[in-house]
Amino acid sequence: MSRVPALFWSRPEPALAAAGAEGEWAVARVRLVAMALLLVTPTIKLVREPQLDGVNLWGFVVTLVAAGAAVAIWWFLRERGWHPAIGFVSSALDVSLVSTALLTFVFVGTPLTALNSKVTFEIYFLAIVASSLRYDTRIALTAGFLAVLQYAAIWAFTAWRFDLSDPVHITDSGTYEPLDQLTRLILLGIAVLLASTLVRRAQRLLYLSSRDRLTGLYNRGHFDRALALELARAKRYGHPLALAMLDVDYFKPINDEHGHTVGDRVLRVLAERLKSGLRRTDIVARYGGEEFVVLMTETTSAAAVERIEAMRREIAAVPIDLGNGSRQVINFSAGIAGAGPTDTAAALIERADGRLLAAKRAGRGRTIGDG
C-alpha cells in the first residue's frame, strides 16, 4: 500500500481509543438533542393537520425512526460500553437515514423534491462532520464516501426512472439541472476531505498533548484516561487486565555520577526498549521521574509477571554505551496487579505500587505480582 492511502486509512493507536470513546459519547448526546429538536416542527404540524401530505408525513416517519436509532445507540453505549465498530455503524446509519429520507421523497413527493432538497440534503454534511469526532480517519472516509455513493445512486435511479425534463415534475422544488447534482456530489467530496483532514489534525494535536516530551511515551494524564476505559471494558466483558509499575534501580547515582544528560538518555533508551518489547495493544507511559507504567489488556497477572520479568532480564543484559568509554546497565524493579471485578483505577494503581515497593525492599532488580 502506498504512503498516501496508508496515511488516510490507518488504524489509530490503541491508546487513542479513550478519545474516540469520548467523541462517540459526545455524538450520541448531540444526536439525541438534534433528533428531539427535529421532531418538534413535524409533530406540531401533525397535531394541527392530522392529514399531512405524503412528503411531510413520511418526513415525520423517517425522523421518528432516526430518533429511535439515536436512543438505541445511546442505550447501547450506556449498557454495553464503547466498541471500535460502533463509530462505523453509527456514522453509516446517520448517512443512510438521510438517504432513506431522500429516496422516500422520490416516491411520495416528486423526484425533484429529493434532488433539490434544501434541508434534508444538508444533513449529510452534519453526519460527515460528526464522523470526525471519533478520531479515526477511516470512519470519516467511510461515512463521507457512503454519502457520496448513496446520493449518486439516488440521482442515477431517479434520472433512470423518471423523465426529469418533463414539466409535470417541476414544482416549487425547482427544475432538474444535472450540473447542480454534480456540484452537490463535489461538495460532499470536499466535505469528506475536510473531515479526514480534521481528524488527522486532531490526532496530531492529541498526540502532542498526550506524550511525554523526553521519552515520547504517553504521559500520566493520558494513561489515566486509557486505564479508566480499559478497566471498564475488562469488567463489562470479563476479560483479564494487568497493570505494571516500573522504577529504574539506582537512578539517582546515575545522575550524580554522569549528569542529567546521561540520565535522560537512560530513560529514553529504557522507553524505547519497553515499547519495542510490548504488544501494540499494550499501553506504556512515563508516570513520573524514573517511573513507568504498562497496561496490558487480555493479560492475567501471572502472564504479566512472566512477560515483564523476561523484559527486565533482556534489558539488563544489554548495557548502553554512554559515549565516554563507559557502559551502563539498565535495571528496574516492577510491581504487577491484576484487575479484579470490583477494582477502581486508583485501587489497581495502589496495589501495583505496593508490589513495586515490595520488589525494591526485597533487593531491587525483580518483579513481584499478586499473591
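I am working with a predicted model, in which local features need pLDDT of at least 70 and side-chain atom pairs count only at pLDDT 80 or more, while totals for chains, interfaces and linings use all residues. Residues are numbered from 1 along each chain as its sequence is written, and side-chain values use heavy atoms, with hydrogens and water left out.

I noted a volume of about 1,100 Å³ for the largest pocket. A pocket here is an open set of points on a 1 Å grid over the protein atoms alone, where a 1.4 Å probe fits, with protein on both sides within 12 Å along at least five of seven lines; lining residues have an atom within 4 Å of a point. Of the 37 lining residues, L38, T63, V119, T120 and I123 are the closest to the centre of the pocket. Helix 2 (17-48), helix 3 (54-80), helix 4 (86-108) and helix 6 (123-131) are the elements that give two or more residues to this lining. By class, I read 26 nonpolar, 7 polar and 4 charged residues in the lining, where Ala, Val, Leu, Ile, Met, Phe, Trp, Tyr, Cys and Pro count as nonpolar, Asp, Glu, Lys and Arg as charged, and the others, Gly among them, as polar.

Turning to the whole protein, I found 13 helices and 7 strands, which are DSSP runs numbered from the N terminus (helices H or I, at least four residues; strands E, at least two). I also noted that the C-alpha atoms fill a box of roughly 90 × 45 × 25 Å along the principal axes.

Last, I looked up F251, I254, N255 and H258 in helix 10, which meet H260, V262, G263, V266 and L267 in helix 11, contact meaning heavy atoms within 4.5 Å.

Terms used:
Grid points are joined across faces, edges and corners, and a volume is the space filled by probe spheres set on the points.
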